[in-house]
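Hi everyone, thanks for coming. Let me put the structure up on the screen, and then we can walk around it together.

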Amino acid sequence: MAKVHVVFYSMYGHVYTMAEAVAAGAREVEGTDVTLYRVADLMSDEALERSGAQAAQAPFIHIPVIEPDQLTEADAIIFGTPTRFGNMCAQMRNFLDQTGRLWATGALVNKIGSVFISTATQHGGQETTITSFHSTLLHHGMIVVGVPYSAPGLLNMKEITGGSPYGAGTLAGGDGSRRPSENELTIARAQGRRVAELARKLTAR
Ligand SMILES: Cc1cc2nc3c(=O)[nH]c(=O)nc-3n(C[C@H](O)[C@H](O)[C@H](O)COP(=O)(O)O)c2cc1C
C-alpha cells in the first residue's frame, strides 16, 4: 500500500472541501491508503467564534490534528492552505516550522509533496502561495508534484476558475460566499489521483 496524507488548514471550509476532493481522487487509485489530517489552530476559541470560523469549522473539527512525526508514515503528502497575503497561512507555517528534526534526519527525503490552495480573489496569490510553499518541500528533499495540463479543467476559459499547473485552487470570494466549483473540484481530484499514482510507482517492489 502507498500511504497518502492530506494535511490542511481551513478557516471557513473552502480548503476542507478541496481536501475532500483531493483525497477522493487519491482513493480512486487502487492500493493507496489515504488519510485526512488538520494542522493545529493558533487562534483562541474566542477569536474563532468572533470571526465566524468556529461554526464554519464544525463539519471538519472531528478530523485529527497531525503531529509532525506522523509525516514520516506517508509516502506522499498533499498540503492544503488558504492564502494569507500571497503566502501559506500561519497555522501551516507553524506546523512546518516544527519539522526541523525531520529535516535534520532527512526523514522526508524522496517523499512526494504537493500543494493546493484557496484564495479570496482570482489574482490574490493562487500561484505564489503554492510556489513559495514548494521551497519548504524542496528543503526537505521532497519530490514536488503539481497538476499537468492533461487535466482539461486547467484550460477552461468559459468561467472564472481556480487551479494552475502548480496545484488545485478555489476562489472563495471577498466575503467567502463562493464555494469550490465543479471545475475546481475536478482539478483537485486529478491532483490527488496523480500523487497517488506516483506514490504507487515509487513504492512498487
Ligand atoms: C489575514 C488574511 C489574509 C488574506 N490574504 C489573502 C490574499 O493575499 N489573497 C487572497 O486572495 N485572499 C486572501 N485572504 C482570503 C483567504 O485566502 C480566504 O479567506 C481563504 O482562501 C478561504 O479558505 P478557507 O475557507 O479554507 O479558510 C486572506 C484572508 C485573511 C484572513
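Before we start, a word on naming: helices (H or I, at least four residues) and strands (E, at least two) are DSSP runs, numbered from the N terminus. What you see is a predicted model, where local features need pLDDT of at least 70 and side-chain atom pairs count only at pLDDT 80 or more, while totals for chains, interfaces and linings use all residues. Residues are numbered from 1 along each chain as its sequence is written, and side-chain values use heavy atoms, with hydrogens and water left out.

Let's begin with the ligand. Which elements each supply at least two residues of the shell around it? They are helix H1 (14-27) and strand S4 (112-119). Altogether 16 residues surround the ligand, and the closest are Ser10, His14, Val15, Ser118 and Gly124; to be counted here, a residue needs a heavy atom within 4 Å of the ligand.

Now for polar contacts, meaning a pair of N or O atoms within 3.5 Å; within protein, one must be able to donate a hydrogen and the other to accept it, and residues adjacent in sequence count only if both atoms are side-chain atoms. The backbone of methionine 11 puts a polar atom 2.8 Å from an oxygen atom of the ligand. For tyrosine 12, a backbone N or O atom is 3.0 Å from a ligand oxygen, and for threonine 121 a polar backbone atom is 3.1 Å from one.

Next stop, histidine 140. You'll find this residue in the loop between helix H6 (126-139) and strand S5 (143-144). Is histidine 140 buried or exposed? Histidine 140 counts as buried because its relative accessibility is 7%, and buried means under 20% relative accessible area, with exposed over 50% and partly exposed in between (1.4 Å probe, protein chains only). Lysine 111 is 29 residues away from histidine 140 in sequence, with 9.0 Å between their C-alpha atoms.

Finally, please look at glutamate 184, in helix H7 (residues 182-203). Its relative accessibility is 0%, so glutamate 184 counts as buried too. Contact means heavy atoms within 4.5 Å, and, leaving aside neighbours within four places in sequence, the residues in contact with glutamate 184 include Met18, Thr161, Arg178 and Arg179. Which residue's side chain makes a polar contact of 2.6 Å with that of glutamate 184? That partner is threonine 170.
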